[in-house]
Amino acid sequence: MIHNFISGLFTLIYLVGASQAVAESKLAAYETHCAACHGSDRAGLMGPTLLPENLKRLKKSAALDVITNGRVATQMPAFKALISPETITQIVDYIYETPAEMPDWNDAMIRASRRDLATDTVRSEKPKFTADPWNLFLIVETGDHHVTLLDGDKFEPVTRFETHFALHGGPKFTRDGRFVYFASRDGWVSKYDIYNLRYVSEVRVGINTRNIAVSDNGEYVIAANYWPHSLVLLSGKDLSLIQRIDVTSTAGISSRVSAVYNARPRDSFVVALKDVPEVWEIHYETDKRTTNFKTNRILMDAILDDFFFSPDYSKVMGASRPLDSGQRGQIASGQVIDLDRGKKIADLDLPGMPHLGSGISWNYQDRPIMATPNLRTAEVSVIDMQNWQTIKRIDTLGSGFFMRSHENTPYAWVDVFFGPNKDKVHIIDKKTLEIVNTLQPVPGKTAAHVEFTKDGLFALLSIMEQDDGAIIVYDAATFEEVKRIPMSRPVGKYNVYNKTHLSSGTSH
Ligand code: DHE
């Protein structure tokens, strides 16, 4: 009996010692080979952040490949000649482990990260190029982390410039179309001067950032963070920190921020929270007594973390994503919130995982409707925005990501992003709500995300591939291909006029 106990104790001590040794050698391997570029705390330095939530979209096998073979067009070297496959595996295991303590990103760190990037003092108040500045497209190429500025009349690049690692979400323009702000998943916010074709400034606002919004007057930029749980309000002029808002619910629960949106007619930002059933509206004006920005909190009975706004921004359609790890609480298929009344006014009948953020609206039989693709279910749902009823479910060849149209075209385009039909794009007649054509631009290659030219006559579509990616320009009336421009995983494209004029056919 005593013998068994002692031998068990020795085994336990041995196992604890062995697992401690494994943990120490993983840490040592990371410190030796990775920390200089990615930071000892894995929060990212010159290289991107290596924490589990930031790596969610990268399979372990892909991480192994990047460490082994390097990443093209970046500073990431190939480690295969330097360290053993076992050490590479140890590093991969280590970066997918949640650290005992998550790194902080506080006010001082935000301030210290800010840089002015425009070195010359001579600035032109007019564009330095001949292309129509309103009909430019910004094309985010995440294959090699660049943006191409494309002339929307000639379909030729004006310039191409480097960005931070992994931009995500739509770039946000000032209303005059001159400046644009980008956000990267690792927390970098950059301001770019389109007229002078150069960056103005940049700042790091967090470790895991979702998106940004820009106030209508151009004075404020606000960033939504998953980590730390915060909103970061910056000066639109030079991205200096104005205020960091820790995000905690009325009940005292700290929450990730899913996204933040500019509600132009309301002079406010509307905030979607990931972990708590509240919707926040932050007005641009400050409360004179507290000098804090006036914030209304709308208490909901479910978590809503993906939004679509009515054209006047008085109503928000919100949907819940199925709960992921760390999320708690009630979810709902969809609800409508009246921002003026500060409460829910309707439930929505939406299956699967609607992608409201990518929805569009138009008038159908004299009624305003919205249509949304679905990340889980093979359909486009069409909702009457007067009575909030689902009036049509359009069957598609698979679940889709992005939907687009334009005031001057009778058609709406929706991709089939997921599954075997990822290379197809449906074209829907906005009058009949029927699919009238299905394109297959490049068999086997993901075709997604459409954006129209200023006049709505041409539709630009991405072939979202790393090596043989492209933008294909279509005649929006005949669906004939007009031009093909090679690009490196062109994820999203943004037409300056359509975005700044809040075209109902695109996201804002
Ligand atoms: Fe996005 C916009 C959330 C995965 C490409 N995506 C947005 C926005 C949100 C969002 C909240 C609106 C921000 C804005 O424009 O201000 N995206 C999410 C997710 O929650 C999700 C499903 C999972 C995640 O890990 O973040 C997700 N998104 C993706 C992708 O996998 C895509 C295809 C490729 C990528 O690089 O990440 C992708 N998201 C995009 C694009 C937009 C976007 C291109 C801008 C659309 C537009 O036209 O405005």
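A cavity here is a set of points, on a 1 Å grid over the protein atoms alone, where a 1.4 Å probe fits but cannot get out. Grid points are joined across faces, edges and corners, and a volume is the space filled by probe spheres set on the points. Lining residues have an atom within 4 Å of a point.

This is a predicted model, in which local features need pLDDT of at least 70, side-chain atom pairs count only at pLDDT 80 or more, and totals for chains, interfaces and linings use all residues. Residues are numbered from 1 along each chain as its sequence is written, and side-chain values use heavy atoms, with hydrogens and water left out.

**Cavities**

The structure holds 2 cavities of 30 Å³ or more. The classes used in the table are nonpolar (Ala, Val, Leu, Ile, Met, Phe, Trp, Tyr, Cys and Pro), charged (Asp, Glu, Lys and Arg) and polar (the others, Gly among them).

| Cavity | Volume | Lining by class |
|---|---|---|
| Largest cavity | about 40 Å³ | 4 nonpolar, 6 polar and 2 charged residues |
| Second largest cavity | about 30 Å³ | 5 nonpolar, 3 polar and no charged residues |

The lining of the largest cavity includes Pro373, Asn374, Glu379, Val380, Val414 and Asp415. Strand E23 (379-384) and strand E26 (411-415) are the elements that give two or more residues to this lining. Strands (E, at least two residues) and helices (H or I, at least four) are DSSP runs, numbered from the N terminus.

The second largest cavity is lined by Val140, Leu167, His168, Gly169, Gly170, Pro171, Phe182 and Ala183.

**Ala166 and Pro228**

Ala166 is found in the loop between strand E4 (156-162) and strand E5 (172-173). Its phi is near 55°, a positive value in a residue other than glycine. Pro228 sits in the loop between strand E10 (220-227) and strand E11 (230-235). A cis peptide bond joins Trp227 to Pro228, with omega about -15°. Most residues other than glycine have a negative phi, and most peptide bonds are trans.

**Helix pair**

How do H3 and H4 cross? The axes of helix H3 (residues 60-69) and helix H4 (residues 85-95) come within 10 Å and cross at roughly 130°. Axes are lines fitted to C-alpha atoms, for helices over the stretch in contact, and angles run from 0 to 180 degrees between N-to-C directions. H3 and H4 are therefore oblique to each other. Angles under 35 degrees count as roughly parallel, over 145 as roughly antiparallel, 65 to 115 as roughly perpendicular and the rest as oblique.

In H3, Lys60, Ala63, Leu64, Ile67 and Thr68 meet Ile88, Thr89, Ile91, Val92 and Asp93 in H4, where contact means heavy atoms within 4.5 Å. This contact has 6 nonpolar, 2 polar and 2 charged residues.

Technical notes:
On a 1 Å grid over the protein atoms alone, a cavity is a set of points where a 1.4 Å probe fits but cannot get out, and a pocket is an open set with protein on both sides within 12 Å along at least five of seven lines; lining residues have an atom within 4 Å of a point.
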